[in-house]
Amino acid sequence: MILQARNIVKRYPGVLALDRVDLDVTAGEIVAVVGENGAGKSTLMRILAGDVAPDEGRLLVDGEAIRFGSPRDAIDAGVVLIHQELSLADNLDVGANILLGREPRTGPFLRRAEATTRATAALRAAGLDLEPSRSVADLGMGTRQLVEIAKALSTEARMLIMDEPTSSLTAAEADLLFETIERLRDEGTAIVYISHRLGEIERLADRVVVLRDGRFVRSFERAEVTRERLVESMVGRDLDADAGLRADVVLPPGPPRLEIRGLRTTRHPAHAVDLKIRSGEIIALAGLVGAGRTELLRAIFGIDPRASGEILVDGEPTRIRQPSDAARAGIALVPEDRKADGLLLDESIAENLVLPGLARTATGGILRRRPAERGLAETLLGRMGVRPAIPDLPAGGLSGGNQQKVAVGRWVGCEPNVFLLDEPTRGVDVGAKAEIHALLDRIARSGAAVIAASSEMEELLAVSDRVVVMHEGRIAGELTRHEATESAIMRLATGGVGSGDVRRSETAS
Ligand SMILES: Nc1ncnc2c1ncn2[C@@H]1O[C@H](COP(=O)(O)OP(=O)(O)OP(=O)(O)O)[C@@H](O)[C@H]1O
Ligand SMILES: [Mg+2]
């Protein structure tokens with residue numbers, strides 16, 4: 001037994017995040033921890049890793065009671081947590097991030113060659129072919145996640161905790177990660193694995209522990225694991241699959257709601273993108289990390305400058321130089337990285353929810369009508385199923401999935417004509433995922449054009465009328481709902497070659 005947690009209790013204002021939870025982790029096993037958003041998974045992991053102190057209960061390492069005063073203490077005991085929200089320093093290169101605080105030194109001097117060797121070895125162990133001298137700022141989310149894993153591996157962890165490690169990886173990258181995880185397990189490392197993607201749990205877990213509302217519900221041995229059983233014990237009920245959500249959709253004639261002509265992003269200036277999307281239509285943007293989906297959405301929204309190209313809304317050429325131009329044209333964007341671009345974590349949930357709609361509730365642009373804002377915030381909280389639904393709570397106090405619901409919900413009140421979403425269900429549990437899919441469906445049916453970039457095959461297939469697949473900055477092909485199968489999407493996404501070539505180092509998506 002590497003680590004035992006006994007009777008762990010953690011309270012936050014208004015919430016009992018963990019209520020007398022036990023967890024045992026043994027060398028050479030993969031323990032999955034599952035549960036709905038807010039169930040207490042991340043809190044428990046942060047306690048195991050010395051990031052948060054429990055209010056009650058104790059930890060034992062190798063049978064000895066231990067108290068972690070900081071993550072440093074946990075790392076010294078061999079327990080390393082890879083956070084749900086990534087935490088690499090953008091101003092340092094990859095190698096410096098990996099060895100941060102543990103650089104090989106002679107006196108004050110860095111032993112550079114040794115540092116490079118160690119960082120390179122860690123990167124290889126994480127399955128990543130990347131120079132340690134690369135700048136972190138240039139990396140996409142998928143690559144950053146793998147660097148985080150390399151960083152953890154470089155500490156020679158005996159127990160590795162991964163909190164939703166695949167939420168921004170593509171299927172092929174995730175496969176690579178799974179191979180790494182299974183290899184580490186076979187070498188005797190204990191892995192605690194958190195994910196909302198039940199297919200991953202089925203593949204990886206030797207044992208599954210289910211939490212609900214801060215309590216241990218039950219655990220399953222590998223042979224007992226089925227998707228239905230997991231869902232049932234997580235949510236306490238059966239869920240309707242949302243396949244078929246768009247089956248009855250007939251798009252109206254008329255000019256497209258959004259038309260993009262000859263758009264070149266500065267990252268992929270060699271390829272012009274043309275795209276038309278009708279009122280009421282949902283397009284899923286598929287592609288591997290680095291395919292240019294995020295750049296395309298950012299360019300449409302005016303965050304990144306365009307090298308060339310025209311954007312038409314309802315047939316009218318529209319000048320979009322900055323996000324406020326896009327907002328004025330009725331375009332909304334839910335970004336990929338909610339922490340960096342989306343939410344203000346120190347501000348209240350209510351404040352976050354009404355920010356984009358302020359223009360509507362403001363009087364004369366100066367006075368804010370607080371009661372109207374309050375009403376809007378409460379309506380949105382209810383509609384999005386945010387838990388806990390406390391408008392005054394800082395957004396940073398919400399669980400990851402609930403933060404995502406706020407990041408999407410804040411735009412819903414604005415009733416956009418064009419709704420762009422980058423990985424809208426990242427980190428969202430099965431129930432909330434279905435809620436967000438239903439919400440996209442409703443937004444489209446009310447007349448908006450929706451473009452959602454997603455790395456999740458199931459999502460691409462469930463919620464779209466058309467799948468547009470990108471590869472290296474261009475549109476590699478388009479599939480109707482009927483043509484879109486996992487293998488057809490993969491074939492286009494990899495440029496027609498085998499999926500093995502995602503092993504190449506990738507840059508931002
Ligand atoms: N720093 C904090 N301040 C206040 N409340 C918090 C804080 N961190 C967590 N909570 C609350 O504790 C509960 C458990 O949150 P936790 O983040 O552990 O959930 P989770 O199972 O990881 O969810 P998700 O799947 O959404 O990541 C939630 O109700 C959350 O709002
Ligand atoms: Mg979490």
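Tutor: Domain bounds come from an automatic or database domain assignment. This is a predicted model. By such an assignment the protein chain is divided into domain 1 (3–235), domain 2 (239–330 + 416–509) and domain 3 (345–396 + 405–414).

Student: What separates the centres of domain 1 and domain 2?

Tutor: Taken over C-alpha atoms, the two centres lie 31 Å apart.

Student: How many helices and strands does the protein chain have?

Tutor: The protein chain has 18 helices and 24 strands.

Student: How do you know whether the radius of gyration agrees with a compact globule?

Tutor: Set the value against the rule. The rule is 2.2 Å times the number of residues to the power 0.38. For 509 residues, that puts a compact globule near 23 Å. The protein chain has 23 Å, so the value agrees. Along the principal axes, the C-alpha atoms fill a box of roughly 70 × 50 × 50 Å.

Student: What share of the contacts in the protein chain joins residues 24 or more positions apart?

Tutor: The share is 70%, counted among contacts with a separation of 6 or more.

Student: What makes a residue buried?

Tutor: Count the other C-beta atoms within 10 Å of its own: 20 or more makes it buried. With 12 or fewer it is exposed, and in between it is partly exposed. Of the 509 residues of the protein chain, 48% count as buried.

Student: Why is helix H1 called largely enclosed?

Tutor: Helix H1 covers residues 41–48, and eight of its eight residues are buried, so the rest of the structure largely encloses it. Those residues are Lys41, Ser42, Thr43, Leu44, Met45, Arg46, Ile47 and Leu48. Gly50 follows H1, with a positive phi near 75°.

Student: What makes helix H9 mostly covered?

Tutor: Again, look at the count. H9 spans residues 293–301, and nine of its nine residues are buried. Among them are Arg293, Glu295 and Arg298, as well as Leu296, Leu297 and Phe301. Just after H9 comes Gly302, whose phi is positive at about 85°.

Student: Is Val313 buried or exposed, and how do you know?

Tutor: Val313 has 20 other C-beta atoms within 10 Å, so it is buried. The cut-off is 20 or more. Val313 belongs to strand E16 (residues 306–313).

Student: Which residues does Val313 touch?

Tutor: Leaving out residues up to four places away in sequence, Val313 touches Arg257, Leu258, Thr318, Ala329, Gly330, Asn417 and Val418. Pro256 is 57 residues from Val313 along the chain, yet their C-alpha atoms are separated by 7.7 Å.

Student: Why is Leu100 called partly exposed?

Tutor: Leu100 has 13 other C-beta atoms within 10 Å, so it is partly exposed. That class lies between the exposed limit of 12 or fewer and the buried limit of 20 or more. Leu100 sits in the loop between helix H3 (94–99) and strand E7 (105–106). Leu100 and Arg6 are 94 residues apart in sequence and, C-alpha to C-alpha, 32 Å apart in space.

Student: What is the phi of Asp62?

Tutor: Phi of Asp62 is positive, about 50°, although Asp62 is not a glycine. Asp62 lies in the loop between strand E4 (56–61) and strand E5 (64–66).

Student: How do you know whether Asp62 is buried or exposed?

Tutor: Asp62 has 12 other C-beta atoms within 10 Å, so it is exposed. The limit for exposed is 12 or fewer.

Student: Why does Glu164 count as buried?

Tutor: Glu164 has 23 C-beta neighbours inside 10 Å, so it counts as buried. Glu164 has a positive phi near 50° and is not glycine. The loop between strand E9 (159–163) and helix H6 (171–186) holds Glu164.

Student: Why are H15 and H16 called roughly parallel?

Tutor: Helix H15 (residues 400–412) and helix H16 (residues 430–445) pack at an angle of about 10°, with axes 11 Å apart. Angles under 35 degrees count as roughly parallel. H15 and H16 are therefore roughly parallel to each other.

Student: Which residues make the contact?

Tutor: H15 supplies Gly401, Lys405, Val408 and Val412, while H16 supplies Ala432, Ile436, Leu439 and Ile443. By kind, the contact of H15 with H16 has six nonpolar residues, one polar and one charged.

Student: Where is Pro388, and is its peptide bond from Arg387 cis or trans?

Tutor: Pro388 is in the loop between helix H14 (370–384) and H15. The bond from Arg387 to Pro388 is cis, with omega near -5°.

Technical notes:
Residues are numbered from 1 along each chain as its sequence is written. Chains are lettered from A and ligands numbered from 1 in the order in which they are written. This is a predicted model: local features need pLDDT of at least 70, side-chain atom pairs count only at pLDDT 80 or more; totals for chains, interfaces and linings use all residues. Helices (H or I, at least four residues) and strands (E, at least two) are DSSP runs, numbered from the N terminus. Axes are lines fitted to C-alpha atoms, for helices over the stretch in contact, and angles run from 0 to 180 degrees between N-to-C directions. Angles under 35 degrees count as roughly parallel, over 145 as roughly antiparallel, 65 to 115 as roughly perpendicular and the rest as oblique. Two residues are in contact if their C-beta atoms, placed from the backbone, lie within 7 Å. Ala, Val, Leu, Ile, Met, Phe, Trp, Tyr, Cys and Pro count as nonpolar, Asp, Glu, Lys and Arg as charged, and the others, Gly among them, as polar.
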